[in-house]
Amino acid sequence: MKDYIRHARPHVTRNEDLIFERSSPGKCGVDLPPLDVPAVSASQLVGEEFHRQEIPGFPEVSELEVIRHFTRLSTWNYGVDTGLYPLGSCTMKYNPRINEVVARLEGLATDHPYAPAELAQGCLRILYETAQCLTEITGMDAVSLQPAAGAQGELSGILMIQACLADRGNPRKYILIPDSAHGTNPASVTTSGYEVRPLKSDAHGSIDLAELDRAMTEEVAGLMLTNPNTLGIFEIRIREIGELVHQRGGLVYMDGANMNALVGIARPAEFGVDVMHLNLHKTFTTPHGGGGPGSGPVAVRKFLEPYLPSPTVERAADGAYQLNYNRPKSIGRVRAFYGNFGMAVRALAYILANGSEGLLQTTQDAVLNANYVMRRLRDVYDLPYNDQPCMHECVLSDRRQAARGVHTGDIAKRLIDYGFHPYTTSFPLIVQGAMMIEPTESASKEELDEFIEALRAVAEEIEEDPEFVLKAPHTTRVSRLDEATAARKPILRWKG
Amino acid sequence: MRYLPNSPSDRAEMLRAIGYGSVEDLFSQIPQGIRFQGRLNLPGPLSEQEILDFFRRAASQSSREYVSLLGAGAYSHFRPAAVDAMLSRGEFFTAYTPYQAELAQGTLQAMFEFQTLMTHLTGMEVSNASLYDGSTATTEAVLMALRLARRNRVVVARTLHPEYREVMTTYVRHLRTEVVDVPYSASGQVDMGELELALKQETAAVVLQSPNFLGAIEHSGKVAELAHRSGALLIVAVTEPLSLAVIKPPSEADIVAGEAQSFGVPVAFGGPYLGFLATREKFVRQMPGRLVGQTVDTQGRRGFVLTLATREQHIRREKATSNICTNQSLCALAATIYLCLLGKEGLKALAQQNLAKAHYAAQQLQAVPGTALPFAAPCFNEFVVKVPGRAEDLLRELRREKILGGVSLGPFYPELQDHLLVCVTETVNRVTIDRMARVYDHFSNRKKAGSAARAAASQAVGQEKG
Amino acid sequence: MYPDEFQYTKDHEWLRVDEDIATIGITDHAQKELGDIVYVELPKAGDPVAASESFGTVESVKAVSEVYSPVTGEVTAVNSKLQNQPELLNSDPHGSAWLVRVRLSDPKEIAKLMSAEEYEAYIREDKAH
């Protein structure tokens with residue numbers, strides 16, 4: 001076994017039990033200040049019927065143990081801070097530290113959503129300005145920051161389409177979704193009450209216009225597309241697509257997950273999109289946090305503005321910011337309060353740091369990086385749709401390697417041994433054994449070269465010793481985990 | 001641009017290596033007619049100092065100089081320093097969803113601990129690894145109950161947080177679910193008689209909040225009995241889960257869902273927050289959201305993985321239990337750290353402090369003539385006060401004392417004009433409570449004096465006219 | 001490999017008829033495609049089933065598959081072993097891991113199904129694409 005790996009080494013990290021296994025009575029990690037009002041007997045105050053004596057199973061540990069526990073746990077994670085994180089369509093880009101500082105400022109982190117508007121001008125201004133920036137970037141006319149994540153943004157958008165068409169006389173029944181779509185798309189459609197009608201992609205992985213023509217009937221409310229699509233390819237016939245849908249009385253929804261390819265390059269409102277969502281935790285650097293929180297603002301053209309979730313954030317003639325609850329056509333609320341405000345702060349900080357020049361350069365770097373990786377791997381891995389430049393991500397296929405019994409998931413696991421987080425495996429479904437790679441702009445040429453070398457080395461290993469690759473990863477704290485048993489006999493909490 | 005790691009020569013070299021003349025060539029497939037021309041009209045670019053200045057200015061136009069007695073679904077609690085210290089570790093906050101388990105054991109183990117803590121707290125058997133917030137968690141619980149019961153009618157206590165009810169309405173609209181409201185009784189708790197009546201028809205679920213929006217603790221056990229007798233599930237929504245440290249959890253419920261922002265998540269003007277959903281094991285396959293399970297690796301070592309993923313959108317697509325993908329993982333981590341720091345005794349002590357302070361405040365305010373506590377039910381750290389005059393006027397007086405005195409209930413419940421929902425957590429000290437009582441007192445006297453003067457004046461006018 | 005006494009569907013179910021009762025399961029090909037089976041969702045005894053309509057699901061870690069009934073009728077028995085041992089579907093899909101038994105309401109439907117030979121040819125062709 002040749003030692004290909006020059007830049008990754010395993011290292012010692014402390015083992016760590018569950019916090020409950022370190023617990024011991026009498027320890028506490030917090031000292032409260034003394035009570036400055038008369039103490040009360042809880043059982044007397046609330047009554048025996050309601051009084052709880054103690055919480056079973058809660059740990060008792062010192063502050064030091066909490067710090068060591070979570071510090072050790074953190075060393076078992078790989079983050080964007082650690083290195084290249086090429087997950088497709090996730091846009092794992094650098095999370096600027098100044099964003100974390102400003103999000104924690106007193107007055108922003110501490111203000112209550114029900115504080116009177118006169119005392120919330122700073123927070124309202126941030127919501128307003130973030131929305132303004134997002135309308136400028138998308139070319140749309142209005143934005144709501146209420147949706148908590150992309151999936152909620154999708155739901156809001158579809159509900160607005162529904163409300164608008166209902167107003168016009170007929171909400172219709174179906175939404176068309178390409179077979180390359182992200183899983184949240186059909187799930188969101190179902191949640192809104194529409195039915196999904198899948199649309200087969202053409203030989204290039206793009207929307208098939210003939211199929212669309214057939215499918216776009218008077219019963220179809222709209223088309224939900226991603227552009228660039230989940231193959232990283234721009235829908236070059238997007239204008240015709242939009243025209244067709246509009247001609248037949250439908251509306252166009254765009255999943256904005258791939259905006260990292262478009263900022264400063266093209267604005268969705270200008271290529272026929274009526275409503276879309278953005279993922280602040282993708283394009284706009286708000287951190288992924290191990291799975292969230294995110295933020296999924298929804299952006300609309302003027303005719304859909306009345307349907308936005310309520311309340312909206314507005315600016316009065318005298319310059320004061322206010323919440324407008326008088327929105328009779330609104331689809332209602334999709335969550336309490338106004339949205340993931342903390343994420344808007346971070347996204348705005350990112351936009352301010354860049355300005356239009358920075359954002360354009362960012363997009364260019366993201367697209368250059370993806371093309372660089374694609375071009376330098378296409379002789380080793382199959383490239384299913386290869387006759388044009390990709391955008392911010394590329395999709396390779398494991399077809400050649402599958403002949404040796406090794407699949408995209410296995411290659412991904414072996415990549416871990418080389419010090420990288422895997423790319424996205426097995427998605428989109430329309431590619432056999434998909435390997436979706438999105439390096440983002442947060443990758444230096446050196447790192448990309450190391451990544452390319454790693455994938456080339458794995459391809460060689462597959463030729464020489466496929467078994468070794470199948471058993472990867474070899475250098476992590478745990479090896480492959482038994483997911484079948486985890487699903488058959490789920491253990492979802494510690495029982496002691 | 002400081003975030004971009006490539007230099008102009010790097011870029012040039014890369015373009016050369018892949019056979020392109022300029023970066024423009026990479027966008028050649030985009031039709032010219034839709035290429036954005038010119039510059040986006042955006043502020044910036046700004047240096048860090050300038051960014052800090054901008055947000056500092058915004059932060060100064062806030063209520064940070066005020067003491068807040070605002071609750072109603074978002075609670076101001078002290079956040080121990082260790083919480084942010086751990087959250088700020090890049091391995092935690094810059095990591096992705098733990099789909100690649102070997103590289104994410106940190107997140108996965110922490111979420112397993114979160115799930116464990118939430119089951120203990122709520123008296124349930126299984127908890128998920130978070131949802132967006134309390135309003136969507138409660139809504140997801142309703143959708144789950146509709147699927148399980150295969151009935152299309154929900155009975156909701158009117159004392160469920162009104163914004164939670166609005167969210168639920170948005171989500172069930174297309175299902176044409178019948179939503180029936182049950183009023184509250186004189187005690188401030190749900191009216192049992194009305195509830196029983198409402199349950200005479202086939203119902204999928206009863207939704208009850210405890211402590212409810214008016215601060216009152218509900219008899220979940222009795223409601224569970226009524227619900228189950230009629231074949232309905234009981235969903236208990238909890239917006240202030242600190243209450244569960246001294247108040248018995250609703251273990252007779254089928255689903256306990258709500259908001260865990262109180263546990264180490266900043267109030268942050270409404271979000272990001274931390275939805276949770278806990279239920280009985282038999283319902284686990286109908287649960288929305290991610291679940292972390294314990295398992296072993298090829299060497300038999302304990303490890304953790306996301307499990308039962310076939311419920312979720314990335315596999316089940318249009319048939320998924322929910323469309324949720326990104327959840328609130330980092331907030332769940334914050335809660336886990338917070339709960340571990342406080343622990344069994346600390347959380348109880350903190351809850352007792354909240355109880356004591358709220359009780360003290362209630363007593364002080366009640367002593368003011370013209371002020372009343374209209375609801376007799378036991379409360380945790382929130383209670384309703386009928387103010388001696390117009391709520392808006394009193395709130396303005398309190399603001400002069402740098403106190404945000406409570407949430408005005410009139411906009412939510414028209415019959416509760418001039419009532420305030422007052423929340424007293426450990427962050428409110430006695431000096432403030434006493435000051436607040438003095439403002440109430442002063443306000444009440446002025447009102448009395450004022451009405452005496454007005455009475456005298458109208459008498460005079462009457463005399464004039466007469 | 002594929003029992004001659006069974007009949008097969010394009011969706012990879014098998015069927016064995018005893019008088020008016022049909023036993024239905026999924027084929028070895030299906031379990032291979034799915035991988036480690038973790039959960040099975042089945043109807044109850046007494047439930048109706050209709051030809052070409054889904055009556056349950058089979059789940060692996062990464063996928064869910066609908067199971068379609070080859071025939072119309074009423075469920076007379078459900079294989080309760082699969083609740084605690086879904087892995088039986090991987091080890092013995094044609095034997096102890098049968099899914100349901102159905103009383104046929106229209107025995108003529110059987111004629112539309114494939115024989116073992118036809119099914120084997122069908123999956124060979126399928127693999128080629």
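**View 1. C:Ser52 sits in a loop of chain C.** C:Ser52 is found in the loop between strand 5 (48-49) and strand 6 of chain C. Strands (E, at least two residues) and helices (H or I, at least four) are DSSP runs, numbered from the N terminus. Phi of C:Ser52 is near 70°, a positive value in a residue other than glycine. Is C:Ser52 buried or exposed? C:Ser52 is exposed, with a relative accessible area of 60%. Here buried means under 20% relative accessible area, exposed means over 50%, and partly exposed lies in between (1.4 Å probe, protein chains only).

This is a predicted model: local features need pLDDT of at least 70, side-chain atom pairs count only at pLDDT 80 or more, and totals for chains, interfaces and linings use all residues. Residues are numbered from 1 along each chain as its sequence is written, chains are lettered from A and ligands numbered from 1 in the order in which they are written, and side-chain values use heavy atoms, with hydrogens and water left out.

View 2. Chain C has four helices and nine strands. From the N terminus on, these elements run β-β-β-α-β-β-β-β-β-α-α-β-α. The C-alpha trace of chain C spans about 35 × 35 × 20 Å along its principal axes. Of the 129 residues in chain C, 47% are buried. The accessible surface of chain C comes to about 6,700 Å², and 46% of that belongs to carbon and sulfur atoms. Such areas come from the Shrake-Rupley method with a 1.4 Å probe; for residues, only the protein chains shown count as cover.

**View 3. The second largest pocket has residues of chains B and C closest to its centre.** About 1,400 Å³ of space lies in this second largest pocket. Of the 38 residues that line the second largest pocket, the closest to its centre are B:Arg147, B:Leu148, B:Arg150, B:Gln286 and C:Glu41. On a 1 Å grid over the protein atoms alone, a pocket is an open set of points with protein on both sides within 12 Å along at least five of seven lines, and a lining residue has an atom within 4 Å of a point. Grid points are joined across faces, edges and corners, and a volume is the space filled by probe spheres set on the points. Which elements each supply at least two residues of the lining? They are helix 6 (184-192) of chain A, helix 6 (134-149) of chain B, and strand 4 (37-41) and strand 6 (54-60) of chain C. The lining divides into twelve nonpolar, twelve polar and 14 charged residues. Asp, Glu, Lys and Arg count as charged; Ala, Val, Leu, Ile, Met, Phe, Trp, Tyr, Cys and Pro as nonpolar; the others, Gly among them, as polar.

**View 4. Helix 6 of chain A is largely enclosed.** Eight of the nine residues of helix 6 of chain A are buried, so the rest of the structure largely encloses it. The buried residues include A:Thr184, A:Pro186 and A:Val189. Next comes A:Gly193, whose phi is positive, near 105°.

**View 5. Helix 11 of chain A is also wrapped by its surroundings.** Nine of the ten residues of helix 11 (residues 408-417) of chain A are buried, so this helix is largely enclosed by the rest of the structure. Among them are A:Ile411, A:Leu415 and A:Ile416. What do the buried residues of helix 11 of chain A pack against? Their partners in chain A are helix 10 (399-402), strand 11 (424-425), strand 12 (434-437), helix 12 (445-464) and helix 13 (466-470). Just after helix 11 of chain A, A:Gly419 takes a positive phi of about 90°.

View 6. A:Met140 lies in the loop between helix 4 (121-138) and strand 1 (142-144) of chain A. Not counting residues up to four places away in sequence, A:Met140 touches residues including A:Thr135, A:Pro268, A:Val273 and A:Arg301. Contact means heavy atoms within 4.5 Å.

**View 7. B:Ala186 is exposed.** B:Ala186 is found in the loop between strand 4 (178-182) and helix 8 (192-198) of chain B. Its relative accessibility is 67%. Leaving aside neighbours within four places in sequence, B:Ala186 is in contact with B:Pro374, B:Phe375 and B:Ala376.

**View 8. B:Ser130 has a positive phi.** Phi of B:Ser130 is near 110°, although B:Ser130 is not glycine. This residue sits in the loop between strand 2 (126-127) and helix 6 of chain B. B:Ser130 is buried, at 0% relative accessible area.

View 9. A:Pro473 is in the loop between helix 13 and helix 14 (483-488) of chain A. B:Pro272 is in the loop between strand 7 (255-259) and strand 8 (275-279) of chain B.

Notes
1 Å grid on protein atoms, 1.4 Å probe; cavity = no way out; pocket = protein on both sides within 12 Å on 5 of 7 lines; lining within 4 Å.
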